[in-house]
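Me: I have a model open and want to go through it piece by piece. Can we start with one of the helices?

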Amino acid sequence: MTTEFTLHLDRTLEAPLQLQLVQKLKSAINGGQLAPGARLPSSRGLSETLGVSRIVVLNAYDQLQAEGYLETRHGEGSFVSDSVTATPPPQAVDYRGPEWLPVQPAPSASRNWKYDFSLGGLAEGLLHHTDWKRAWRRALNNTRGLDQSPPEGLAPLRQAVADHVRRYRGIACEAEEVIITSGVASSLDLIARICRPADPVIYLENPCFKAAHAAFRRYDHAVRLQEIDSEGIRLDGLDTPQNQPSILFCTPSHQFPMGPRLSLGRRLALLDWARERDALILEDDYDSEFRYGVTPLPSLKAQDSAGHVVYLSSLSKSLSPSIRLGYIIAPQSLRHALTREIGINHGQPPALVQQAVAEFMDAGDMDRHLRRLRRHYETLNRIVRKGLQDLSPEIEVMGLEAGIHCFLKVNARPLYDRLKTALRENDIYLPALDNFRHGPTQNRGFALGYGHFREAELEAALEVLLKTIKREH
């Protein structure tokens, strides 16, 4: 195969075109742009590309062959000689950027922990490759998947999402109410951006999903932090005047990262507050598909008869975070503003990905996939329950009713401090609550993610974790 490359000849110079071509090709070979064995264009093809006579190229090739840079293979063409050793070009000036741009420290490489209970990891090998490949083939055969998506997302995926939330979360909505995004973090950034002119007060759980805090602070919103207890987000402190815009972000089905479910009483009180204040509630329903041994509470959106709840979710937990697809179900004025913002910034996810996921959901493959995930995660959940049943009374396990992580609430500060040191020394990564809080909080403890483990690995890791905790008690 002919190697494609670019070079330019300058007709304003006194140097003949043939000499310029020889020098340019030598530089490309010596600098490694043309590697040993690379096939050069035919003399006719290169002459047409450069707009010179063919004899200029033929003479240049002959000279380079005589000097050992090229070799000719009969019936095949001209190739860079295998005996040529490339010399790296001189390094460019080490310009680190403008002085007015603050220098940020490079991100540190993540440690490879022996026992890693980090959050967000998913089970491997449960996505049925035949089903997934079939969905992509159908998407590739559909020309709609190769076009640019409209700002609100492809209609087939919006319809598939509307059907999905209606069946799984009891949310009565139409496809027109759904906007496709690149995930919950992207959804929050969009909402924070378009709401900035109204200058609303933002209420966030503390601790909470870090991307939520980052999104609203990025646009200089006034943020107020709400504590978490066993009933979920506490509602004391929601005291903004009725004429001041307010937005509250919460994870009512499985608080992130502490795990409690928002109690029924607080759900109703929160919906009343939103109606009275004309406020928005942003419900992140991030792992609602997975429940263990409890009656599933309805989504906050399903309980909202006045339309103040904006429902956010994604496919990162149910399918894969690499898909980078999320969705928003929102009232009309917010939908229009979001769609306009996405369109202006060309922020819609790739149409082909949307089409493939729509095909996957429409064929019923998503339902089968979720059933496999539920069975697997239920097994892992039982292993975690068994492994943590003999913990110290000073450690309370929260959030095992749902999702693929739980929380170890440590009620004694000295024990918490000792455990942070001991876990590191024993090569165990358990995300501390300090990673998720954005101000002082009454709580302390560690999140424990288990969705990415195999069964035997999880049992072994929990055994080491339990021994470490018992030694520090």
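Me: Which residues of helix 5 are buried?
Reply: This is a predicted model. In helix 5, the buried residues are Pro156, Leu157, Arg158, Ala160, Val161, Ala162, His164, Val165 and Arg169.

Me: How does the span between the end C-alpha atoms of helix 5 agree with 1.5 Å a residue?
Reply: Helix 5 covers residues 155-169, which is 15 residues, so 21 Å should be spanned. Its end C-alpha atoms are 21 Å apart, which agrees.

Me: What follows helix 5?
Reply: Gly170, with a positive phi near 70 degrees.

Me: What lines the largest cavity?
Reply: His164, Val165, Tyr168 and Arg169 do, together with Asp285, Ser288, Glu289, Tyr311, Ser313 and Tyr327. Helix 5 and strand 10 are the elements that give two or more residues to that lining.

Me: Which element gives the most?
Reply: Helix 5, with four residues.

Me: And the largest pocket, what is its volume?
Reply: About 880 Å³. The lining has 35 residues, and Gly120, Phe209, Phe256, Ser316 and Lys317 are the closest to the centre of the pocket.

Me: Which elements give two or more residues to that lining?
Reply: Helix 6 (184-195) and helix 7. Helix 6 gives the most, with three residues.

Me: Remind me, how do strands of a sheet pair?
Reply: Through backbone hydrogen bonds, in either the parallel or the antiparallel sense.

Me: Is strand 5 mostly covered or mostly open?
Reply: Mostly covered: strand 5 spans residues 201-206, and six of its six residues are buried.

Me: Which of those residues point which way?
Reply: Val201, Tyr203 and Glu205 point one way from strand 5, while Ile202, Leu204 and Asn206 point the other way. All of them are buried, Glu205 and Asn206 included.

Me: Does strand 5 run parallel or antiparallel to strand 6?
Reply: Parallel, with six bridges joining strand 5 to strand 6 (residues 222-229).

Me: How does the chain cross from strand 5 to strand 6?
Reply: Through helix 7 (residues 210-218), in a β-α-β crossover that is right-handed.

Me: And how do strand 5 and strand 8 pair?
Reply: In the parallel sense, over four bridges, with strand 8 at residues 246-250. Ile202 has Ile247 as its bridge partner in strand 8.

Me: Last one. Are strand 10 and strand 11 parallel or antiparallel?
Reply: Antiparallel, and four bridges join the two strands. Leu312 has Ile328 as its bridge partner in strand 11.

How values were computed
Residues numbered from 1 in each chain as written. Predicted model: local features only at pLDDT ≥ 70, side-chain atom pairs only at ≥ 80, totals over all residues. Heavy atoms only, no water. Buried < 20%, exposed > 50% of the residue type's maximum accessible area, 1.4 Å probe, protein only. Pairing = 2+ DSSP bridges. Right-handed = clockwise from strand over helix to strand, strands pointing away. Expected span 1.5 Å × (residues − 1). 1 Å grid on protein atoms, 1.4 Å probe; cavity = no way out; pocket = protein on both sides within 12 Å on 5 of 7 lines; lining within 4 Å. Points joined across faces, edges and corners; volume = space filled by probe spheres on them.
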